[in-house]
Amino acid sequence: MSGPDIEADPGTVYLVGSGPGDPDLLTVKANRLLEAADVVLHDKLPGPEIIEALPEDRREDVGKRAGGERTPQSEINERLVELAREGKSVVRLKGGDSFVFGRGGEEAEYLAAHEVPFEVVPAVTSAIAAPAVAGIPVTHRDHASSVSFVTGHEDPTKEESAVDWDALAATGGTIVVLMGVGRLPDYTAALLEAGMAPETPVALVERGTWPGQRVATGTLETIVDARDEAGIEPPAVTVIGDVAGTRELVVDFLQNDYGAAADETAESGD
């Protein structure tokens, strides 16, 4: 389907989500802006095919670098303003959706404070897409009528955590944790301590929609061992709740083929 040509206006910043990583899941508008922009500032989470399709002379990597070094958010904010004031059209490209744990809100506030015009281009968030392509719905009429999205970066044991794991355990429904591979033992222990059933199904989806996507499944009590057995690494989405158990009912007929040969579903504690 064709649409009107999109011209990236000089001096404007476009806060664009790339979706979960498959270039076919870019929105039409995002794709056209990537073609039209003078410069694209991207992190590491857009899929490798999306990044590699950008001409090297029009892209700047502002994500994590070798050795754990990363571009500070303050530098990214300043660079966006600098480029816009040079009269360039700028795409700030994030993985998933910019406004779901993507700091899009912070960047929007900074641009507004410096009187730089910007536009938000929403995207398919990996919080929903990664579980979906692995055969896991985040809501299901028989299993979950609510879903909570939380960050896994925080230490659940710190006194003033922004994530109330006790409340999440009591609420029920589905819990989707982004950026939570490393702290998986901490927040699964916090949920168990809060009274969530040890047999609650859990799934980890690594690099959802990327080449080499992998999935590990287990329970709240066994998922850490399943993670280690499968070798799951970031970036990955954690799904906690009864919906995670529905994958086994559909996976044999699921046609979302993202690196199926590398898909390692690890069960532990059966």
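Predicted model: local features only at pLDDT ≥ 70, side-chain atom pairs only at ≥ 80, totals over all residues.
1. The largest pocket holds about 1300 Å³ of space. Its lining is made up of 42 residues, and D43, L45, R70, H153 and M179 are the closest to the centre.

2. Pocket lining. At least two lining residues of the largest pocket come from each of α3 (73-85), β4 (90-94), α5 (126-133) and β10 (236-240). By class, the lining has 17 nonpolar, 15 polar and ten charged residues.

3. Helix pair, geometry. Helix α7 (residues 184-193) packs with helix α8 (residues 223-230) at an angle of about 160°, and the two axes are 10 Å apart. The angle is over 145 degrees, so α7 counts as roughly antiparallel to α8. The crossing of these two helices is right-handed.

4. Helix pair, contacts. On the α7 side the contact residues are L184, P185 and T188; on the α8 side they are I223, V224 and R227. Four residues of this contact are nonpolar, one is polar and one is charged.

5. Cis peptide. The bond joining P234 and P235 is cis, with omega about 0°. P235 sits in the loop between α8 and β10. Most peptide bonds are trans, which is the reason for listing this one.

6. Positive phi. R103 is a residue other than glycine with a positive phi, near 65°. R103 belongs to the loop that runs between β4 and α4 (104-113). Most residues other than glycine have a negative phi.

Definitions and conventions
Residues numbered from 1 in each chain as written. Heavy atoms only, no water. 1 Å grid on protein atoms, 1.4 Å probe; cavity = no way out; pocket = protein on both sides within 12 Å on 5 of 7 lines; lining within 4 Å. Points joined across faces, edges and corners; volume = space filled by probe spheres on them. Helix = DSSP H or I, 4+ residues; strand = E, 2+ residues; numbered from the N terminus. Nonpolar A, V, L, I, M, F, W, Y, C, P; charged D, E, K, R; others polar. Axes fitted to C-alpha atoms, helices over the stretch in contact; angles between N-to-C directions. Parallel < 35°, antiparallel > 145°, perpendicular 65-115°, else oblique. Left-handed = near helix turned anticlockwise from the far one by under 90°. Contact = heavy atoms within 4.5 Å.
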